[in-house]
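Open the model in your viewer and keep the selection tool handy. We will go from stop to stop, picking residues and looking at what surrounds them.

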Amino acid sequence: QVQLVESGGGLVQAGDSLRLSCAASGRTFSNYAMGWFRQAPGKEREFVAAISWNGGSTYYADSVKGRFTISRDNYKNTVDLQMNNLKPEDTAVYYCAAHASPRAFGGSVYDGRRYGYWGQGTQVTVSS
């Protein structure tokens, strides 16, 4: 069983920054791609960012490219999402997820259905 616990959400103003963190336990963390997804009220869950198993490749949604940075520490079993220049449209519950397949990369990291484990989510609210 894999446990993912997010932290770092909160209420900020437009233009501010937040750093989300996800702590993983329960399996060999370093073998799996990790992703961040978000879901706003009344909207479907959407991909935000992902990072390959070794940190060598990162992937971003167009809406966050240049503002958000995903990183991982395979010694600490953590994956972080640094969010800068936040906008009201970034308001959502943010979820950390672990890919179901070892060493996945490329197109599959964008698809939430390819992730096998999810955290409970952390709320990010950006006021204008």
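Start by selecting F37, F47, Y59, Y110, Y115 and W118, a cluster linked by ring pairs. Rings of Phe, Tyr and Trp (its six-membered ring) pair here if their centres lie within 6.5 Å; planes under 30 degrees apart are called stacked, over 60 edge-to-face, and the rest tilted. Before we zoom in, two notes on the model. It is a predicted one, where local features need pLDDT of at least 70 and side-chain atom pairs count only at pLDDT 80 or more, while totals for chains, interfaces and linings use all residues. Residues are numbered from 1 along each chain as its sequence is written, and side-chain values use heavy atoms, with hydrogens and water left out.

**Stop 1: the aromatic rings**

The structure holds six aromatic pairs. Show F37 and F47: the ring centres are 5.7 Å apart and the planes lie at 75°, so this pair is edge-to-face. F37 belongs to strand β4 and F47 to strand β5, 10 residues apart; strands are DSSP runs of E, at least two residues long, numbered from the N terminus. F37 is buried at 2% relative accessibility, and F47 is buried at 12%. (Buried means under 20% relative accessible area, exposed over 50%, and partly exposed in between, with a 1.4 Å probe and protein chains only.)

Y110 sits in the loop between β9 and β10 (115–118), so the pair ties together parts that are 63 residues apart in sequence. Y110 counts as partly exposed, at 39% relative accessibility.

**Stop 2: charges over rings**

Next, select R103 and W53: the charged end of R103 sits over the W53 ring, 4.1 Å from its centre. Then try R72, which lies over the face of F29 at 4.4 Å from the ring centre. The criterion is NZ of Lys or CZ of Arg within 6 Å of the ring centre and within 35 degrees of the ring normal.

T78 touches both of them, and its other contacts include S21, C22 and D73, not counting residues up to four places away in sequence; contact means heavy atoms within 4.5 Å. T78 is buried, at 18% relative accessibility.

**Stop 3: the core**

Which residues have the most contacts inside the largest nonpolar core? Select M34, W36, V79, L81, M83 and Y94 to see them; the core has 37 residues. Such a core is a set of buried Ala, Val, Leu, Ile, Met, Phe, Trp, Tyr and Cys residues joined through side-chain atoms within 4.5 Å. Elements giving two or more residues to this core include β3 (18–25), β4 (32–39) and β8 (78–83). Centre on L81, whose contacts beyond four places in sequence include L18, W36, V48, F68 and Y94.

**Stop 4: a chain crossing**

Move to G119, in the loop between β10 and β11. G119 is buried, at 12% relative accessibility. Besides L4, G119 touches E6, Y95 and C96, leaving aside residues up to four places away in sequence.

Note on methods:
Helices (H or I, at least four residues) and strands (E, at least two) are DSSP runs, numbered from the N terminus.
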